[in-house]
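This report describes a single protein chain for a reader who is new to structural analysis. Please keep the sequence and the three-dimensional view at hand while reading.

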Amino acid sequence: YTSLTISKAAALGFVQGVALMPGVSRFAFTYSAGCWLGLRPMRAFTWSFLLEWPLILIASMYGGFALYGDSSEQ
């Protein structure tokens, strides 16, 4: 097994960008790509999870603002 290099990180970022298409699981796609690039399964899982957090955080903030953001529109 190998470690994560800059080129592998760039490849995982590219894979995550491609995985934004509808119907494609970003987490599973980046996990599979990490394993394919030679990362250990637990390391690939960790990097996939870390790549997913910014999207989860932004989606949560967007949803929170949509629900509670502008109360003047009532």
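## A buried glutamate and its salt bridge

Glu52 is buried, with a relative accessible area of 11%; here buried means under 20% relative accessible area, exposed means over 50%, and partly exposed lies in between, using a 1.4 Å probe and protein chains only. The structure is a predicted model, in which local features need pLDDT of at least 70 and side-chain atom pairs count only at pLDDT 80 or more, while totals for chains, interfaces and linings use all residues. Residues are numbered from 1 along each chain as its sequence is written, and side-chain values use heavy atoms, with hydrogens and water left out.

Glu52 is found in helix H3. Not counting residues up to four places away in sequence, Glu52 touches Gln16, Arg26 and Phe27, where a contact means heavy atoms within 4.5 Å. With Arg26, Glu52 forms a salt bridge whose closest N and O atoms are 3.0 Å apart. The term salt bridge stands for a side-chain nitrogen of Lys or Arg within 4 Å of a carboxyl oxygen of Asp or Glu. Because Glu52 lies in helix H3 and Arg26 in helix H2, the pair ties together parts that are 26 residues apart in sequence. Arg26 is partly exposed, at a relative accessible area of 27%. A search of the whole structure finds one salt bridge.

## Overall architecture

How many helices and strands does the protein have? There are three helices and zero strands, and from the N terminus on the elements run α-α-α. The radius of gyration is 16 Å, well over the 11 Å that the globule rule gives for 74 residues, so the protein is more spread out than a compact globule. This radius is taken over C-alpha atoms, and the globule rule is 2.2 Å times the number of residues to the power 0.38. Helices (H or I, at least four residues) and strands (E, at least two) are DSSP runs, numbered from the N terminus.

Taken along the principal axes, the C-alpha atoms fill a box of roughly 55 × 20 × 20 Å. Of the 74 residues, 18% count as buried. The accessible surface comes to about 5,600 Å², and 70% of it belongs to carbon and sulfur atoms; such areas come from the Shrake-Rupley method with a 1.4 Å probe. Among contacts between residues at least 6 apart in sequence, 45% join residues at least 24 apart.

## The aromatic cluster

Phe27, Phe45, Phe49 and Trp53 form one aromatic cluster. Rings of Phe, Tyr and Trp (its six-membered ring) pair if their centres lie within 6.5 Å; planes under 30 degrees apart count as stacked, over 60 as edge-to-face and the rest as tilted. By this rule the count comes to three aromatic pairs. The rings of Phe27 and Phe45 have centres 5.2 Å apart and planes at 80°, so this pair is edge-to-face. Since Phe27 lies in helix H2 and Phe45 in helix H3, the pair ties together parts that are 18 residues apart in sequence. Phe27 is partly exposed, with a relative accessible area of 25%, and Phe45 is also partly exposed, at 36%.

The rings of Phe49 and Trp53 have their centres 5.6 Å apart and their planes at 90°, so that pair is edge-to-face. Both residues, Phe49 and Trp53, lie in helix H3, four residues apart, about one turn of the helix. Phe49 is partly exposed at 38% relative accessible area, and Trp53 counts as partly exposed at 44% relative accessibility.

Which residues make up the largest nonpolar core? This core has five residues: Leu12, Val15, Ala33, Leu39 and Ala44. A nonpolar core is a set of buried Ala, Val, Leu, Ile, Met, Phe, Trp, Tyr and Cys residues joined through side-chain atoms within 4.5 Å. In soluble globular proteins, nonpolar side chains tend to be buried together. Beyond its neighbours within four places in sequence, Leu12 is in contact with Leu4, Thr30, Ala33, Gly34, Leu37, Leu39 and Leu51.

Leu37 lies in the loop between helix H2 (26-36) and helix H3 (41-68). Leu37 is partly exposed, with a relative accessible area of 21%. Leaving aside neighbours within four places in sequence, Leu37 is in contact with Thr2, Lys8, Ala11 and Leu12. Trp36 lies in helix H2 and counts as exposed at 72% relative accessibility.
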